[in-house]
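Please read the following briefing alongside the sequence and the coordinates. The points are grouped by topic, and each can be checked against the model.

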Amino acid sequence: MKVYLDNNATTIVDPHVFAEMEPYFVQRYGNPNSLHLFASETHPALKDAMEKIYAGIHAPKEDSVVITSCATESNNWVLKSIYFEQILTGKKNHIIISEVEHPSVIATAKFIESMGCKVTYLPINHEGIIDAQTVRDTITDKTALVSVMWANNETGAIFPVEEIGEICAEHNVPFHTDAVQAIGKLPVDVQTFNVDYLTFSAHKFHGPKGVGALYIKKGKELIPLLHGGSQMGGYRSGTLNVPGIVGMGKAMEQAVDSLDYEMEDVREMRDTFEDELLKIEDTFVVTPREKRTPNTILISFRGIEGESMLWDLNRAGIGASTGSACASEDLEANSVMEAIGAAEDLAHTAIRFSLSRYTTQEELDYTLDVVRKAVERLRGISSTYSYAPEGHESGLDAHH
Amino acid sequence: MGMDSLIGGTIWDEYSQKVTDLMNNPQNMGEITEEEAEAMGAKLIVADFGAESCGDAVRLYWAVDPKTDKILKSKFKSFGCGTAIASSDTMAELCKGKTVDEAVKITNIDVEKAMRDTPDTPAVPPQKMHCSVMAYDVIKKAAAQYKGVDMESFEEEVIVCECARVSLSTLREVIRLNDLTTVEEITDYTKAGAFCKSCIRPGGHEEKDIYLVDLLEEYEKEKMSAAATLGNEGGATGTFKDMTIVQKIKAVDKTVDENIRQMLIMDGGDMEILDIKDNGENIDIYIRYLGACNGCASASTGTLFAIENILKEKLDPNIRVLPI
């Protein structure tokens, strides 16, 4: 049996999405910016897709949703544009991000920091959540941007973006949120709170890979990302990715339609699965369920290094994830676990299971069975597990 | 960079079959109890290395015959990734039947080689070599415990790259002999830096006392100071007056570069040396003003005196500077 539980990394392309994209590869392949009939064949689908994308995040027509190649590109664009526009010119000198942002925000922030920008990295609390108040405390009249993700990719923790948006509005500071983990899992409406820039990516909600987007509120213009022709309003030149945009449009429509299922049925399956996992001794989760996206579990199995657990899961055909230790090239402990202040010995034991609307109960039952066996085997090998003293301070609350 | 680096890939595909098998079914996993060791007439050694906080921890059990120092039985336990488990297992296997002194000589390279399917294909991907190092360290820890000595006493040299076991002295020698100037060159010559890469520069997963970039910088400084000494030696054989014309031009050039040019450039000017001649008592240096100095009122007064004074002071009191 093959079970895919790594939906925060990427998702299966919905067959309806794929069907919608298909004609735009072989049949209707015209460059939409040409002046002939081949081009005009693509226009209705592009328009329709863009309307679905706008509708999906409730963006008014006068605002811009620029299609990029991925969320990383969108995130880079916002920060670098702010750097060129505000910091390099000496108008402002400071940005605020959280310390658990996606690497595409953190690494870009570090880059512009090396070019002279001041960066504040906001801490998260023991539940893995940012306190909006810390934004208020760190904003200065030199702050050019606040960038805080909507939901964390590792823990699923939902950040108080609405409150942060209000604080930014009060101080007249642009607010960017990386909403990659929010679309399709939570209601996303750019009109309900003050957000100036919002990043998302199609492949996280059953759309194609290689299609991202950046929402830009009217009046919050950025410098062009790619200079060249005038595609995407001159923001991002380059021939339009017609099948990709069509795919994102359909995926957005499907995501909106499936939101209730995601928030109720997927959540329920996740909760039951989590309850069962937590019945295994010495397991810990960080963020309380109600403060998480409905599909995510980040769970620690004491005494088992994350990658060795992945090894056993993989052998049984189960795809999950760990941000910890040897699984990634940098061999670092899970950054979120460390940021939470989890005991160091637990930082290397975290495994992330992320579900989707395609996940079935049967798959979760099978996974549970495999996890139980893996825990037994790996704790048998473990040099540290049996020696964990009673009442060991974990820095986390045991949820069982 | 190259195509493979551009795409990346799943590291598990790069594991040898042996590593995979050992991870799935380690042969020497487990403990040795006090009673078991006693029954064998052996001394029980239990050594721990690493920590959960580093993401890797290993415990090695030995039953050692005190009469022969031979390791009769060897077992391990591990908190670590697949490579750590497989290499700990291999390490425990390699210890069996060896004396403690022989076991200390087992390196992580031996462990890695023992896990290869074919002699020329590495058993694990480069970034995982690091995980086999701990297996090497825990042996030393166990041996130190058995002998009642400090673990460091087994380390004859400072090791800069743990993965490839390249010592500080080897690196210094290779850099000098081959005039290496980049990390890539060092890696080509020694394999240092080819694996987990934390020895290249600070910021990797392991903190070091000395990094490859430090060694390159050290060598660069050494070359600079050697060059400076050589420059001085040109005149050290005699006074400025006794130098050959080439040596004189070099010495004047250096003095102008270091003490004069900056001052002229600040005002938008510059100068060049045209010729140097011995005119009896005096050494005449013919120069041409460039940029703003050319035609400047003080070029024949204040600026000229300043240049002349510096050259007199640094090189020879009989120098005259003659602008043309």
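K254(B) and E258(B) stand four residues apart in helix α11 (residues 245–266) of chain B, which means that about one helical turn separates them. In this predicted model, the two side chains form a salt bridge whose closest N and O atoms are 3.6 Å apart. K254(B) is partly exposed at a relative accessible area of 36%, whereas E258(B), at 53%, counts as exposed.

**Salt bridges**

- Side chains of opposite charge can pair when their charged atoms come close.
- Over all chains, the count comes to 40 salt bridges.
- In chain A, the side chains of K52(A) and E20(A) meet in a salt bridge with an N to O distance of 3.6 Å. Because K52(A) belongs to helix α4 (residues 43–56) and E20(A) to helix α1 (residues 15–21) of chain A, this pair ties together parts that are 32 residues apart in sequence.
- Within that pair, K52(A) is buried, with a relative accessible area of 16%, while E20(A) is partly exposed at 29% relative accessibility.
- A further bridge joins the side chains of E127(A) and K291(A), at 2.7 Å from N to O. E127(A) sits in the loop between β4 (118–122) and α7 (132–138) of chain A and K291(A) in the loop between β9 and β10 (296–301) of chain A, so the pair ties together parts that are 164 residues apart in sequence.
- E127(A) counts as buried at 17% relative accessibility, and K291(A) counts as partly exposed at 33%.
- A network of salt bridges links R270(A), D271(A), E274(A), D275(A), R289(A) and R292(A).

**Cysteines and the annotated binding site**

- The structure holds zero disulfides over all chains.
- An unreviewed UniProt entry lists C54(B), C81(B) and C131(B) under "binding site".
- Of these, C81(B) lies in the loop between β3 (70–79) and α4 (82–95) of chain B, where C81(B) is buried, with a relative accessible area of 0%.

**Domains of chain B**

- Chain B is divided into domain 1 (3–155), domain 2 (166–222) and domain 3 (240–323).
- The centres of domain 2 and domain 3 of chain B, taken over C-alpha atoms, are separated by 42 Å.
- For residues 252–321 of chain B, UniProt gives the label "domain: NIF system FeS cluster assembly NifU C-terminal", again from an unreviewed entry. The span is 40% helix and 34% strand, and its end C-alpha atoms lie 11 Å apart.

- N172(A), although it is not a glycine, has a positive phi of about 55°. N172(A) is placed in the loop between α8 (161–170) and β6 (175–178) of chain A, and is exposed, with a relative accessible area of 60%.
- D282(A), also a residue other than glycine, has a positive phi near 55°. The place of D282(A) is in the loop between α9 (242–278) and β9 (283–285) of chain A, and D282(A) is partly exposed, with a relative accessible area of 25%.
- T155(A) lies in the loop between β5 (143–147) and α8 of chain A and is buried, with a relative accessible area of 2%. T155(A) and I297(A) are 142 residues apart in sequence, yet their C-alpha atoms are 6.4 Å apart in space.

**A nonpolar surface patch on chain A**

- Y29(A), L37(A) and F38(A) make a nonpolar surface patch of about 340 Å².
- L37(A) is part of helix α3 (residues 37–40) of chain A and, at 56% relative accessibility, counts as exposed.

Technical notes:
Residues are numbered from 1 along each chain as its sequence is written. Chains are lettered from A and ligands numbered from 1 in the order in which they are written. This is a predicted model: local features need pLDDT of at least 70, side-chain atom pairs count only at pLDDT 80 or more; totals for chains, interfaces and linings use all residues. Side-chain values use heavy atoms; hydrogens and water are left out. A disulfide is a pair of cysteine sulfur atoms within 2.5 Å. Domain bounds come from an automatic or database domain assignment. Patches are made of residues with over 30% relative accessible area and no salt bridge: like charges are joined within 9 Å, nonpolar side chains (Val, Leu, Ile, Met, Phe, Trp, Tyr) within 5 Å. Accessible areas come from the Shrake-Rupley method with a 1.4 Å probe; for residues, only the protein chains shown count as cover. A salt bridge is a side-chain nitrogen of Lys or Arg within 4 Å of a carboxyl oxygen of Asp or Glu. Helices (H or I, at least four residues) and strands (E, at least two) are DSSP runs, numbered from the N terminus. Buried means under 20% relative accessible area, exposed over 50%, partly exposed in between (1.4 Å probe, protein chains only). UniProt positions are given in the numbering used here, feature names are shortened, and annotations may be inferred rather than shown by experiment.
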